Amino acid sequence: MVGRDGVRKVTSQDVARRAGVSRAAVSLVLNGRGSGNIAPEKQELIRAAARELGYVPNAAAVNLRVQRTRTIGLVTDTIATTAFGGAVVAGAMERAGQDGYLTMVVDTEDDPDAEARAFEALQHRQVDGLMFAAQSLREHPVDHLVGATPAVLANCVDPGGHHGAWFPDEVAGGRLATRAVLERGHRDIACLTGAAQTMATGLRARGFELELADAGVTGCGTHPCGWEIRDGHRVATALLSRPDRPTALVCANDRVAIGAVLAATALGLSVPQDVSVVGYDDDENAAPAMVPALTTVGLPHREMGEQAMGALLAQLAGEPHQPAQVAIPGPLIQRDSVAAPPARVRPGR
């Protein structure tokens, strides 16, 4: 056989001649079926001959025999075209590559019609499995899109529980963010929540409330906010203008935290000497670059991609399958925006 570059390619027949065995024996050994069929010493001869000759199996032929394409279709809403959250895709692709799978990524720009077309096109290309990854945590039914093809979800939840899903433990994250200021002695703590319609908002706020309750602290409550810098600036300005202003703000995300820091500065307050601020998400383009650098809770993007893909590959390998719903905790990244509360803290709170 001659390749496109004009160089003759090594065949299994060449390996058989070098090892002094039949071509069938070469096929059995190099396809992992030599045990019990071919003597161990003959198996080693065949492998040595293949190495010496530089034999590379024809992947297309192997896939045809096992009726697999060794490809995974990965559909996203906006992750693949935005910097934030791209680690989900990177983790999934790396994990697939470890098992010799190629990942075909399609970003739909959050268009439901484009999403349906993407799933259909990938299945027409005979992918072995499918994965959907979302930019923001939400429920996302996919039964009608994936059919009988094995599928998993990342950063979203299957409301029917039919498909495995890997997503951030937002309640644990809310607790972690709150604990960061509790452990420094704060008791007058306010939570600036995200947009009401977003799933993560309620979960993070729930974590905040649970952590305060466990510590026996009343705090300054939760305050509806939003996700943007202007939202954080508006709500933080109102809170920090009060005579009984909070000494710490736990924010829905890093953008809200940036708005809170700007509001404090405009009011002549210093972060963290007068007020501590905690963000969420660990936005790499903002949190470490802030002055002061922002203490925040990271999202386990890469872990979600890796674990979801690993479970899909295990399913394709025939391992027992249960559609797990796995909440993955993220880390607290401690930087410079949290300190002990100022001396004016009132007793008994």
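A: **Buried residues and their surroundings**

Helix 2 (23–30) and helix 3 (40–53) are among the elements that cover the buried residues of helix 1. Helix 1 itself spans residues 12–19, and its buried residues are Ser12, Asp14, Val15, Ala16 and Ala19. After helix 1 comes Gly20, which has a positive phi, near 70 degrees. The model described here is a predicted one.

The position of a single side chain may be followed next, with Val89 as the example. Val89 belongs to helix 5, which covers residues 86–98. Because its relative accessibility is 9%, and buried means under 20%, Val89 counts as buried. Leaving aside residues up to four places away in sequence, Val89 touches Leu74, Thr76, Ile79 and Val105. As for Leu74, this residue is 15 residues from Val89 along the chain, and the C-alpha atoms of the two are separated by 8.0 Å.

A contact between two helices gives a further view. Two packed helices are described by the angle between their axes and by the distance between those axes. For helix 10 (residues 229–240) and helix 11 (residues 254–266), the axes come within 7 Å and cross at roughly 45 degrees. Helix 10 and helix 11 are therefore oblique to each other, and their crossing is right-handed. On the side of helix 10, the residues that take part are Ile229, Gly232, His233, Ala236, Thr237 and Leu240. From helix 11, Arg255, Val256, Ile258, Gly259, Ala260, Leu262, Ala263 and Ala264 meet them. By type, the residues of this contact between helix 10 and helix 11 divide into 9 nonpolar, 4 polar and 1 charged. In an α-helix there are 3.6 residues a turn, so residues three or four places apart point the same way.

The cysteines remain to be considered. A disulfide is a covalent bond between the sulfur atoms of two cysteines. When the whole structure is searched, 0 disulfides are found. In the case of Cys220, the closest cysteine sulfur is that of Cys191, at 11 Å. Since a disulfide requires sulfur atoms within 2.5 Å, this separation is too far for a bond. Cys220 counts as buried, as its relative accessibility is 17%. Cys156 is also buried, with a relative accessible area of 0%.

Key. Residues numbered from 1 in each chain as written. Predicted model: local features only at pLDDT ≥ 70, side-chain atom pairs only at ≥ 80, totals over all residues. Heavy atoms only, no water. Axes fitted to C-alpha atoms, helices over the stretch in contact; angles between N-to-C directions. Helix = DSSP H or I, 4+ residues; strand = E, 2+ residues; numbered from the N terminus. Parallel < 35°, antiparallel > 145°, perpendicular 65-115°, else oblique. Left-handed = near helix turned anticlockwise from the far one by under 90°. Contact = heavy atoms within 4.5 Å. Nonpolar A, V, L, I, M, F, W, Y, C, P; charged D, E, K, R; others polar. Buried < 20%, exposed > 50% of the residue type's maximum accessible area, 1.4 Å probe, protein only.
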